[in-house]
Amino acid sequence: MVAVILSTPSQEQRLIERAVEVLGIEAAAVTSLAPRIGAAFVQACRLMLECRGRVVVSGIGKSGHVARKIASTLASTGTPSFFMHPAEASHGDLGMVTGDDVFLALSNSGTTAELLAILPQVRRRGARLIAITGNPASTLATLADVHLDAAVEVAGHPVD
């Protein structure tokens, strides 16, 4: 185990200041979502509430971690759902997706190759597509039945 030693009060103060700064960034990011709650959000909720199958949630990298949590939360609150890794999907797991399902795809860039590669098969199966991206002009956003904008900015600059 590696121990980090903060040797001076000024180092400790910089650590505290940075933590407060990060919390401020996170709070601003959440607050900035409120004005984006509108018709697309209602449509996404309706798709999931009226889903006769399951909500299949997918993403890769950090978006994949968030997708896993969303799938888990949906399942624990009574919505049949599961996480599907996009790379595994292209190797056979897409057989679990049906026309009664809603496919919820998460990608900050909206250009994640692994997700884009499986979308034609998701569509052929008849599943509805909800995309959550940080880029409303992205390929994923434009291919979706419903797009939810989750862009985050710090000091007016997009965050990756």
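1. A quick definition to start: a polar contact is a pair of N or O atoms within 3.5 Å, and within protein one of the two must be able to donate a hydrogen while the other can accept it. Please also keep in mind that this is a predicted model.

2. With that in hand, look at threonine 112. Its side chain and that of serine 107 are joined by a polar contact of 2.6 Å. Leaving aside residues up to four places away in sequence, threonine 112 touches Ile60 and Ser107.

3. Where does threonine 112 sit? You will find threonine 112 in the loop between strand S3 (102-107) and helix H5 (113-124).

4. Is threonine 112 buried or exposed? The relative accessible area of threonine 112 is 16%, and buried means under 20%, so threonine 112 counts as buried.

5. Now step back to the whole chain. The chain has 6 helices and 7 strands, and reading along the sequence gives the pattern α-α-β-α-β-α-β-α-β-α-β-β-β. The C-alpha trace spans about 60 × 40 × 30 Å along its principal axes.

6. How much of the chain is buried? Of its 160 residues, 31% are buried. Among contacts with a separation of 6 or more, 64% come from residues 24 or more positions apart.

Terms used:
Residues numbered from 1 in each chain as written. Predicted model: local features only at pLDDT ≥ 70, side-chain atom pairs only at ≥ 80, totals over all residues. Heavy atoms only, no water. Helix = DSSP H or I, 4+ residues; strand = E, 2+ residues; numbered from the N terminus. Buried < 20%, exposed > 50% of the residue type's maximum accessible area, 1.4 Å probe, protein only. Contact = heavy atoms within 4.5 Å.
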